[in-house]
Amino acid sequence: QVQLVESGGGLVQPGGSLRLSCAASGSIFSINSMGWYRAVPGLGRELVAAMTSGEPTNYADSVKGRFTISRDNGKNTVYLQMTNLKPEDTAVYYCNAAIKTYGGSYHRSFWGQGTQVTVSS
């Protein structure tokens with residue numbers, strides 16, 4: 001089995017910064033992509049940033065220049081450095097990864113449990 005465990009959410013004032021982490025563990029043979037999505041009640045889930053092997057890093061237009069995604073492949077961990085946070089960044093942030101497990105034949109999508117980010121004064 002595979003688990004994605006997120007950390008780093010919380011309450012921050014507008015203009016502040018937070019760093020989210022997501023560590024994948026379990027029966028991992030390979031990871032094709034890792035990224036972050038966010039969900040706001042009534043608005044669904046949207047891509048924030050993602051890193052896919054062999055492809056350019058992808059960012060939502062609303063976070064370009066403020067958020068930076070990075071990966072530590074040795075630790076199977078993805079990070080999201082968020083700066084100049086705005087109230088509209090308030091959401092539950094979910095980690096996502098496309099992982100092939102030992103014995104598996106293709107990469108499957110796995111999700112973390114979500115971490116709340118609240119930007120408010």
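Modeller: Cys22 and Cys95 form a disulfide, with their sulfur atoms 2.1 Å apart. A disulfide here is a pair of cysteine sulfur atoms within 2.5 Å. Keep in mind that this is a predicted model: local features need pLDDT of at least 70, side-chain atom pairs count only at pLDDT 80 or more, and totals for chains, interfaces and linings use all residues. Residues are numbered from 1 along each chain as its sequence is written, and side-chain values use heavy atoms, with hydrogens and water left out.

Biologist: Which parts of the chain does the pair link?
Modeller: Distant ones: Cys22 is in strand E3 (residues 18–26) and Cys95 is in strand E9 (residues 91–101), 73 residues apart. Strands (E, at least two residues) are DSSP runs, numbered from the N terminus.

Biologist: How many disulfides does the structure hold?
Modeller: It holds 1 disulfide.

Biologist: And why is the disulfide called left-handed?
Modeller: Because the torsion about the S-S bond of Cys22 and Cys95 is about -80°.

Biologist: Are Cys22 and Cys95 buried or exposed?
Modeller: Both Cys22 and Cys95 are buried. Buried means under 20% relative accessible area, exposed means over 50%, and partly exposed is in between (1.4 Å probe, protein chains only).

Biologist: New topic. Where is Thr115?
Modeller: Thr115 sits in strand E11 (residues 115–119).

Biologist: Why does Thr115 count as buried?
Modeller: Because its relative accessible area is 12%.

Biologist: What is Thr115 in contact with?
Modeller: Leaving aside neighbours within four places in sequence, Thr115 is in contact with Glu6, Gly9, Leu20, Ala91, Val92 and Tyr93. Contact means heavy atoms within 4.5 Å.

Biologist: What does the side chain of Thr115 reach at 3.3 Å?
Modeller: The backbone nitrogen of Gly9.

Biologist: OK, what about Lys86?
Modeller: Thr115 and Lys86 are 29 residues apart in sequence and 17 Å apart in space, going C-alpha to C-alpha.

Biologist: Last topic: backbone angles. What is the phi of Asn76?
Modeller: Asn76 has a positive phi of about 50°, although it is not a glycine. You'll find Asn76 in the loop between strand E7 (67–72) and strand E8 (77–82). Asn76 counts as partly exposed, at 25% relative accessibility.

Biologist: And the phi of Asn84?
Modeller: Asn84 has a positive phi too, about 45°, and it is not a glycine either. Asn84 is in the loop between E8 and E9. With 41% relative accessibility, Asn84 counts as partly exposed.

Conventions. Helices (H or I, at least four residues) and strands (E, at least two) are DSSP runs, numbered from the N terminus. A polar contact is a pair of N or O atoms within 3.5 Å; within protein, one must be able to donate a hydrogen and the other to accept it, and residues adjacent in sequence count only if both atoms are side-chain atoms.
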